[in-house]
Amino acid sequence: MGYLFDLHCHNKEGSVCSRLPAKDMVDFYIKQGYSGFSVTNHFTGSTTVPDNYSWEDRVDHYFTGYEECLKYAEGKDIKVFFGIEYSILKFGTHDMHKIMGNDFVILGLTRDWLKANEETFNKSTNELFDAIHKAGGYIIHAHPFLEEDWISHIQLFPQKEDAVEIMNMGVSDDTNAKARWYAEAFNKTVTGGTDIHFTDIPYVSGVECEKEISTVEELIDEIRNGRTKVIHKKVI
Ligand SMILES: [Zn+2]
Ligand SMILES: [Zn+2]
């Protein structure tokens with residue numbers, strides 16, 4: 001077996017919808033035999049950041065979920081990477097809580113970049129994605145065919161998204177099958193992620209790397225170059 005990484009994880013420090021404390025998240029992935037995971041709390045929508053925060057405070061508060069994991073993982077045999085899950089905002093609202101759905105797991109962004117790019121999040125999705133790419137970010141379309149009340153319509157960005165999440169443990173097999181169809185049709189790189197919000201779940205997902213990874217840039221590089229395999233396995 002290679003090195004397993006979960007790319008899509010929510011803890012309660014950063015996501016209102018999660019019941020999983022950062023500390024338990026670290027223990028859970030060690031127990032599952034993973035080499036690491038990326039903390040991808042909701043940056044828009046179901047975020048724990050209060051409405052009235054300034055942008056700078058918002059970013060700092062948002063980082064808590066990641067930093068708590070990082071702190072607890074110190075000295076342990078597990079890597080913690082930073083990521084965000086971004087849900088497209090209702091057009092023209094500029095309100096980080098008013099989402100219209102279509103979710104993206106984005107890796108490779110930094111605190112400084114987020115702090116400097118408040119305006120970028122008010123631009124069109126295409127412009128936002130261009131700016132993310134310019135910053136070295138990697139865009140994964142999470143569960144692209146999820147249908148829920150808050151998702152007004154499904155939007156695909158085959159030219160802009162770098163990869164498609166074809167294995168998500170929070171959606172139905174049918175929804176994952178549609179994502180596989182989309183990825184195959186457009187010849188997209190594929191990834192997996194548990195989309196974990198609590199640990200009483202039957203399966204975990206993620207990607208398997210052939211070599212040990214120590215930075216998120218290395219992880220992105222492995223995914224980008226097709227050296228990762230999508231996996232899912234039973235929770236131990
Ligand atoms: Zn959530
Ligand atoms: Zn998610």
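Cys 17 is partly exposed, with 35% of its relative accessible area showing (buried is under 20%, exposed is over 50%, and partly exposed is in between, with a 1.4 Å probe and protein chains only). All of these views come from a predicted model, where local features need pLDDT of at least 70, side-chain atom pairs count only at pLDDT 80 or more, and totals for chains, interfaces and linings use all residues. Residues are numbered from 1 along each chain as its sequence is written, chains are lettered from A and ligands numbered from 1 in the order written, and side-chain values use heavy atoms, with hydrogens and water left out.

**View 1. Cys 17, His 42 and His 197 hold the zinc ion (ligand 1).** The donor atoms are Cys 17 SG, His 42 NE2 and His 197 NE2, at 2.0 to 2.2 Å (donors are N, O and S atoms within 2.8 Å of the metal, or 3.2 Å for Na, K and Ca; water is not among the atoms, so sites may look incomplete). Along the chain, the spacing reads C-x24-H-x154-H. Cys 17 sits in the loop between E1 and helix H1 (22-31) and His 197 in the loop between E7 and E8, so this pair ties together parts 180 residues apart in sequence (helices, H or I, of at least four residues and strands, E, of at least two are DSSP runs, numbered from the N terminus). His 197 counts as buried, at 16% relative accessibility.

View 2. His 8, in strand E1 (residues 3-9), and Asp 195, in the loop between strand E7 (189-193) and strand E8 (203-209), are 187 residues apart. Both His 8 and Asp 195 are buried.

**View 3. The two zinc ions, ligand 1 and ligand 2, are 5.0 Å apart.**

**View 4. Strand E4 (residues 99-107) is largely enclosed by the rest of the structure, because nine of its nine residues are buried.** Strand E3 (residues 79-89) pairs with E4 in the antiparallel sense over seven bridges (two strands pair if DSSP finds at least two bridges between them). Ser 87 has Asp 103 in E4 as its bridge partner. E4 also runs antiparallel to strand E5 (residues 138-142), joined by five bridges; here Ile 106 partners Ile 139 in E5.
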